[in-house]
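Let's take a look around this one together. Here are the sequence and the model to keep beside you.

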Amino acid sequence: MRFSADTARPVAWKNGGGVTRELALHENGGKMIWRLSLADIAQSGPFSPFPGLSRIHTVVAGAGHRLTGDGVSLAAQPMQPLAFDGGLALDCQLRDGPCRAFNVIYDPRATRAQASVLRGGNWVGESGPQALFVAAGSLVLDGIGGFACGEGLVLDSAARGRVSADGAVILVGFFPVRD
């Protein structure tokens with residue numbers, strides 16, 4: 001399934017501090033397993049909590065921010081995936097103006113998620129559910145086609161391709177939860 005931030009409808013946050021675009025959603029039996037979104041963080045303020053869920057937050061544009069509250073202090077740095085408990089009540093302090101962040105919100109009882117950033121060069125993926133989001137440059141996948149900045153796809157099988165020399169692609173792997 002291909003997706004694009006350009007065609008995803010922006011939705012304002014309840015607190016008015018930004019907007020988000022839902023890029024992809026996986027549900028099972030009407031329950032969310034995971035969601036991919038792109039958020040524009042326009043101002044400092046409360047961060048939306050997601051009780052019972054986990055979160056991976058990657059700043060893709062801007063200088064980043066600091067999340068504080070519930071006894072924690074987390075630094076959201078550009079292109080460094082930050083995993084944390086989505087239920088935490090956190091306040092966001094922007095570093096140097098607005099930023100944009102790619103988010104993975106998932107139910108840790110149903111799946112595990114792990115994110116990394118692919119830089120320019122060839123890439124060979126493993127089999128299994130995964131998502132790719134082009135944060136900079138471009139990505140060409142063999143037999144599938146090209147993706148520009150702000151585009152991506154969800155795969156259930158292995159793929160291979162090339163990230164442009166100036167590129168940065170966020171790779172999210174989804175793994176079964178073992179009892």
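A quick word on the ground rules. This is a predicted model, where local features need pLDDT of at least 70 and side-chain atom pairs count only at pLDDT 80 or more, while totals for chains, interfaces and linings use all residues. Residues are numbered from 1 along each chain as its sequence is written, and side-chain values use heavy atoms, with hydrogens and water left out.

**The four-stranded sheet**

Start with an open sheet of four strands, ordered β5-β10-β7-β8, with antiparallel pairing. At its edges stand β5 (45-47) and β8 (72-76); each has a single partner strand, so one side of each has no neighbour in the sheet. On average, neighbouring strands here are turned by 30 degrees against each other, direction ignored. (That angle comes from axes, which are lines fitted to C-alpha atoms, and angles run from 0 to 180 degrees between N-to-C directions.) Strands themselves are DSSP runs of E with at least two residues, numbered from the N terminus, and two of them pair if DSSP finds at least two bridges between them.

Zoom in on β7: it is joined to strand β10 (residues 90-94) by four bridges, and the two run antiparallel. One facing couple is Leu 67 and Cys 92, the latter in β10.

Are they buried or exposed? His 65 counts as buried because its relative accessibility is 0%, and Leu 67, with a relative accessible area of 0%, is buried too. Buried here means under 20% relative accessible area, with exposed being over 50% and partly exposed in between (1.4 Å probe, protein chains only).

Contact means heavy atoms within 4.5 Å. Leaving out residues up to four places away in sequence, His 65 touches a list that includes Ile 41, His 57 and Cys 99. With that same exclusion, Leu 67 touches Phe 47, Phe 84 and Leu 90, among others.

**Over to β16**

Strand β16 (residues 151-155) has four of its five residues buried, so the rest of the structure largely encloses it. Its pairings look like this:

| Partner strand | Sense | Bridges to β16 |
|---|---|---|
| β1 (residues 2-4) | antiparallel | three bridges |
| β13 (residues 130-136) | antiparallel | four bridges |

Arg 2 has Leu 153 as its bridge partner in β16, while Gln 130 stands opposite Leu 155 of β16.
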